[in-house]
Amino acid sequence: MPVITEIEDLKRLHRRRAPRMFYDYAESGSWTEQTFRENSSDFDLIRLRQRVAVDMEGRSTAARMVGREVAMPVALSPVGLTGMQHADGEILAAQAAEAFGVPFCLSTMSICSIEDVAEHTRKPFWFQLYTMRDEEFTSALLSRARAAGCDALVITLDLQILGQRHRDLKNGLTAPPKMTVPTMLDLSRRWAWGMRMLRTRRRFFGNIVGHAKGVTDASSLSVWTAEQFDQRLDWAKVRRLAEEWGGTVILKGILDPEDARRAVDEVGPDAIIVSNHGGRQLDGAISSIRALPGIVRAVDGRCEVHLDSGIRSGQDVLKALAMGADACWSGRAWVYGLGAMGKPGVTAALEVILKELDVSMALCGRKDVADLDRSVLLVPKGFEGEWEDGAA
Ligand code: GLV
């Protein structure tokens, strides 16, 4: 087993081992990828305050996310097609998260179905919902998630239409891959991936194929999104969905203080997730870490505020928590791990993040994630941005 010391190690292995179209799918942002890049580079602008001669014994990263006890406040973000990064990917990642003690959230656009993940895990996982035009299908997804024991619903608000990722179009992304000459050439270099895929029956969008009616191409994320996702999604519908679910609700994809206020006033979720979908939707949007402080002020303690988009290390987690997030979500970090080595790779990604968080926290002179605040950071002046006519 290769020595893994940082998330970049997993990313390199993922790139080598998974078919190019799936690695590219995970690694892409939309259009120029400005937001995708700034989600990370804005974290780099924030510095940590090194403190010394502070007793650092007895540290704890344990926390709670919407009532659930977690080993560290980091959940696995929902990511589409992960069963294509590695055979049975969602099951393996859910098992790794369960053993580690952090929440796993299954995407609507997963390869392994809700029922399949439930059958292969012991603790409840969370379910992420894309709302469809077909209300019956959306309701059926909610019932299936409830029957599978999912104990939180994550409603994604920032993807009624798909932001264009150039590489997906150029690669002809589908699940499973269509056998074109470039794809066959690429697969001929990924034997281990192919052998594992041949041994599993999970090669299609498991929550959709066999469940949805009138679909013209159930293998293409872009066709499915364009045909089925509900472009009329508005706050009234979000509220109805939250009521229909009736349990813990997390709203994902909020990037503006005004939307954060509306989310709290109109829906009253248990948490919102500050996110720009990993820079995959509105290119040119602000990074999540820059948006976070304004949103924390707007929410004013009325629900938990989580941060997603840009988390690739424990130091990023530390910075987000210190900037006011109650918890973080990370997608690419665990997907790199999965594409690199399956379940042990997901575990390795979580171990790297936990260790970085713990050691960085200690070197900042803090012993508990609950004690992290702005005073452990050096934040550049004007970090949140001084925009003309900016929403406040
Ligand atoms: C969502 O499924 C995405 O591709 O970002």
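Select R165 and the ligand. In this predicted model, a polar side-chain atom of R165 lies 2.6 Å from an oxygen atom of the ligand. Keep both on screen.

An N or O atom in the R280 side chain is 2.8 Å from a ligand oxygen atom. A polar atom of the Y130 side chain sits 3.3 Å from an oxygen atom of the ligand. How much of the ligand does the protein bury? Taken alone, the ligand exposes 190 Å², and the protein buries 95% of that.

The ligand is surrounded by Y25, Y130, L159, R165, L221, H277 and R280. Colour these residues by class. The largest cavity is the space taken by the ligand.

Next, compare with the record. Which residues does UniProt list for "binding site"? The unreviewed entry gives Y25, R165, H277 and R280. Show their C-alpha atoms. These residues span 256 residues in sequence, yet no two of the C-alpha atoms are more than 13.0 Å apart, so the set gathers at one spot. From this set, Y25, R165, H277 and R280 belong to the lining of the largest cavity.

Where does H277 lie? It is in the loop between β9 (271–274) and α14 (288–299).

Move to the backbone. Select A175 and P176. The peptide bond from A175 to P176 is cis, with omega near 0°. P176 lies in a loop, with α8 (166–171) on one side and α9 (181–187) on the other.

Jump to W31. Its phi is near 40°, a positive value in a residue other than glycine. W31 is in the loop between α2 (20–27) and α3 (34–45). Why pick out these two places? Most residues other than glycine have a negative phi, and most peptide bonds are trans.

Finish by zooming out. Select residues 1–382. UniProt places the feature "domain: FMN hydroxy acid dehydrogenase" there, in an unreviewed entry. Colour by secondary structure. Over residues 1–382 the chain is 44% helix and 11% strand. Now draw a distance between the C-alpha atoms at the two ends of this range. They are 45 Å apart.

Technical notes:
Residues numbered from 1 in each chain as written. Predicted model: local features only at pLDDT ≥ 70, side-chain atom pairs only at ≥ 80, totals over all residues. Heavy atoms only, no water. Near = heavy atom within 4 Å. Polar contact = N/O pair within 3.5 Å; in protein donor to acceptor, adjacent residues only side chain to side chain. Areas by Shrake-Rupley, 256 points an atom, 1.4 Å probe, with all protein chains shown as cover. 1 Å grid on protein atoms, 1.4 Å probe; cavity = no way out; pocket = protein on both sides within 12 Å on 5 of 7 lines; lining within 4 Å. Sits in = over half its atoms within 2 Å of the grid points. UniProt positions renumbered as here; feature names shortened; annotations may be inferred. Helix = DSSP H or I, 4+ residues; strand = E, 2+ residues; numbered from the N terminus.
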